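Biologist: Please take me through this model. I would like to begin with how the chains meet.

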Amino acid sequence: MTTTTLDRPTAPAGRPGRRNRRRSAFGEGGPLVYGICLVVAAVTLTPVLVGVLGGFRSNAQLANDPAGLPDPWVWTNYTGVLTDPAFWRYALNSSVIAVVTTLVVVVAGMMAAYPLARYRFPGREAVYLVFVAGLLFPAAVAIIPLFIIITRDLGLGNSWWGVALPQAAFALPMTIVILRPFLMAIPRELEEASLLDGATRIGFFWRILLPLSGPGMVTVGVLAFVGSWNAYLLPLLLLQSDMKTLPLGVADFSTEHSADTAGVFAFTTLAMIPALVFFLAMQKRIVSGLQGAVKG
Amino acid sequence: MADDVTSPTGESTSSATLTAAGGAGRATARPARPAANERGGRRTDRRMWLEIAVFVTPALAIFAAFVVWPIVKAVQFSLYRWKGYGPLVDFVGLENYTKVLRNEVFQDAVVHNLVIVVLSVAVQLPLGLAVALLLNRRMRFQGLMRTIVFVPYVLAEVIAGVVWAQLLQPKYGIVDSLLTAIGITPPAQGFLGTPEYALMTVLVVLTWKYLGLAVILLLAGLQSVPDELYEAAQLDGATWWQTQRRITVPLLGPTIRMWIFLSMVGSLQLFDMVWILTRGGPANATMTMATFLINEGTKRSNYGIASAASVVLFVIALVVALLYQRLVLARDTAETAVARPRRRTR
């Protein structure tokens with residue numbers, strides 16, 4: 001897992017030239033290829049589209065013809081959700097928690113990765129391995145004690161910090177595993193030069209390393225944001241009523257309004273949109289982060 | 001336990017990364033040393049340690065407080081009969097473990113998890129490979145197709161689950177009504193409400209959700225197959241199929257093996273989707289280890305039992321990870337170190 005991250009810093013740039021040559025070796029797509037693509041796209045998108053369009057239908061329409069199109073188009077489901085203060089409250093909670101998680105992960109992860117990458121000291125690999133071992137812990141294992149520690153010992157139950165901090169903690173291993181090789185790859189000539197110019201190592205960190213690490217930090221930041229935004233189990237145990245996040249809100253809404261299928265579709269669709277927009281905009285980052293973790 | 005945990009990943013790291021990484025680190029740190037000595041080694045040494053401490057402490061503290069400590073506590077709770085209130089006094093030794101291991105619902109949950117592990121790989125790998133090869137061809141809308149395939153993966157599992165729960169509603173859901181329309185009678189309680197179908201239905205939804213991840217990773221792997229091999233194959237007159245079978249798939253090996261690892265670990269701790277779709281029902285037909293322990297912990301406040309279940313989950317995950325590491329991934333690290341020196345010369 002870690003092996004592969006070594007060449008990351010060069011990887012995100014992509015290799016367009018290569019790819020183009022490759023394509024020519026593969027031949028053109030014929031009608032059959034496009035046909036299969038159409039099937040794949042349909043299978044992938046149909047559930048999402050049914051949800052989006054279902055939100056524009058009435059429950060009567062849905063019951064009479066589950067597979068039909070909106071006729072007439074009903075807007076009240078969507079306006080109902082958009083004027084629901086709870087929806088906005090959930091969206092705010094999700095945003096704040098995701099932003100706090102991301103900030104904590106990036107700042108703490110970057111700080112830890114720096115000495116682990118560029119200082120030489122006894123115990124360095126041991127500290128690194130402690131973090132790496134974190135990759136192996138299924139979050140579900142720690143969930144019951146986490147719940148007790150956060151609610152009773154720390155008094156952070158039902159709060160933004162109570163969710164953000166543990167989520168950051170579980171995101172740290174991947175962050176450090178991605179950032180360390182990234183920081184190692186920054187040429188040592190730069191460090192030598194800055195030290196010769198009289199900079200301290202902290203100065204080198206601030207003035208040179210941080211600006212150069214932008215892409216790495218964005219990647220780990222996006223991954224932490226995605227993880228936090230989509231999280232369910234920890235918020236489920238820790239957050240109640242007004243403090244709930246969007247995934248919790250969606251789950252609640254669907255059980256409370258189980259008869260109102262159209263309303264559930266509208267609520268779910270609106271909850272999808274911010275995530276879809278953000279993630280599609282950040283797609284390259286997400287993918288390169290995943291590759292950093294997985295690429296063989 | 002911490003030592004046991006470090007070794008599997010440590011292994012993969014030590015053989016390839018650490019040599020390369022350690023080398024790089026040493027080299028980078030070196031120039032600072034002589035300078036330090038000139039100025040009086042002690043003080044700089046102390047300063048270095050101070051810097052290290054200041055930099056590493058926040059991450060280490062958060063990690064210790066919210067990952068390491070809870071796991072230690074889980075092991076502790078698992079040895080007590082405890083309802084979640086009052087002090088931990090009712091020490092029962094390994095009783096919770098025997099209870100968990102003898103519990104038929106938990107035994108079924110382990111089987112379900114293993115079925116999900118095996119079928120996820122068996123279904124998603126060929127499908128993912130097929131789609132990845134398809135999307136690696138030169139064609140229009142290639143970028144768009146890659147994005148589309150990735151969409152389900154981007155949605156929160158809960159949100160995707162809620163949509164699917166609606167689609168799979170008995171009678172009025174779109175799935176049941178479409179099947180009825182083509183003359184197939186769906187089960188009266190719906191696919192999620194019928195014990196015989198529930199687990200397979202969950203697997204179908206999981207396949208829809210996670211196929212995109214496999215495709216994206218495999219596509220990335222395809223980028224690193226050297227073009228020269230394809231050119232050579234073409235010169236030798238190999239067919240497309242032969243080329244894929246003899247060149248592409250073997251060279252994708254490391255990517256595939258790594259994806260399988262991720263998929264297995266994910267399948268073992270599956271919770272969100274199942275909780276949304278079925279809560280582990282009907283009649284425990286979709287119960288997984290994670291839904292079992294959440295049920296025990298939150299609904300029944302059996303914290304001792306829940307913690308024992310979580311430790312068992314952890315041990316199973318660890319054993320699977322270790323075995324996989326030893327038997328399968330070890331090959332890749334060996335290959336990386338020997339056959340692909342390119343990676344280390346950077």
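**Chain contact and ring pairs**

Biologist: How many residues does the contact take from chain A and from chain B?
Modeller: This is a predicted model. Contact here means heavy atoms within 4.5 Å. On that rule the contact takes 116 residues from chain A and 127 residues from chain B.

Biologist: What area is buried between chain A and chain B?
Modeller: The size of an interface is often given as the accessible area lost when the parts come together. Carbon and sulfur atoms give 74% of that area here. The total between chain A and chain B is about 11100 Å².

Biologist: Which helix of chain A gives the most to the side that touches chain B?
Modeller: That side of chain A divides into 82 nonpolar, 16 polar and 18 charged residues. One helix gives 13 residues to it, the most. That is helix 7 (residues 139–153) of chain A.

Biologist: How many salt bridges and polar contacts are there between chain A and chain B?
Modeller: Polar contacts across the interface come to 8 residue pairs, both residues at pLDDT 80 or more. The salt bridge count is 0.

Biologist: Are W164(B) and W208(B) buried or exposed?
Modeller: The two form an edge-to-face aromatic pair, 5.5 Å centre to centre with 70° between the planes. W164(B) lies in helix 6 of chain B and W208(B) in helix 8 of chain B, 44 residues apart. Buried means under 20% relative accessible area. W164(B) has 11% and W208(B) 10%, so both count as buried.

Biologist: Which residue of chain B do ring pairs link into a cluster with Y114(A)?
Modeller: The structure holds 28 aromatic pairs over all chains. The cluster includes Y114(A), Y119(A), F205(A) and W206(A). From chain B it takes F55(B).

Note on methods
Residues numbered from 1 in each chain as written. Chains lettered and ligands numbered in written order. Predicted model: local features only at pLDDT ≥ 70, side-chain atom pairs only at ≥ 80, totals over all residues. Heavy atoms only, no water. Buried area = accessible area lost by both parts, 1.4 Å probe. Salt bridge = Lys/Arg side-chain N within 4 Å of Asp/Glu carboxyl O. Polar contact = N/O pair within 3.5 Å; in protein donor to acceptor, adjacent residues only side chain to side chain. Helix = DSSP H or I, 4+ residues; strand = E, 2+ residues; numbered from the N terminus. Nonpolar A, V, L, I, M, F, W, Y, C, P; charged D, E, K, R; others polar. Phe/Tyr/Trp six-rings, centres within 6.5 Å; stacked < 30°, edge-to-face > 60°. Buried < 20%, exposed > 50% of the residue type's maximum accessible area, 1.4 Å probe, protein only.
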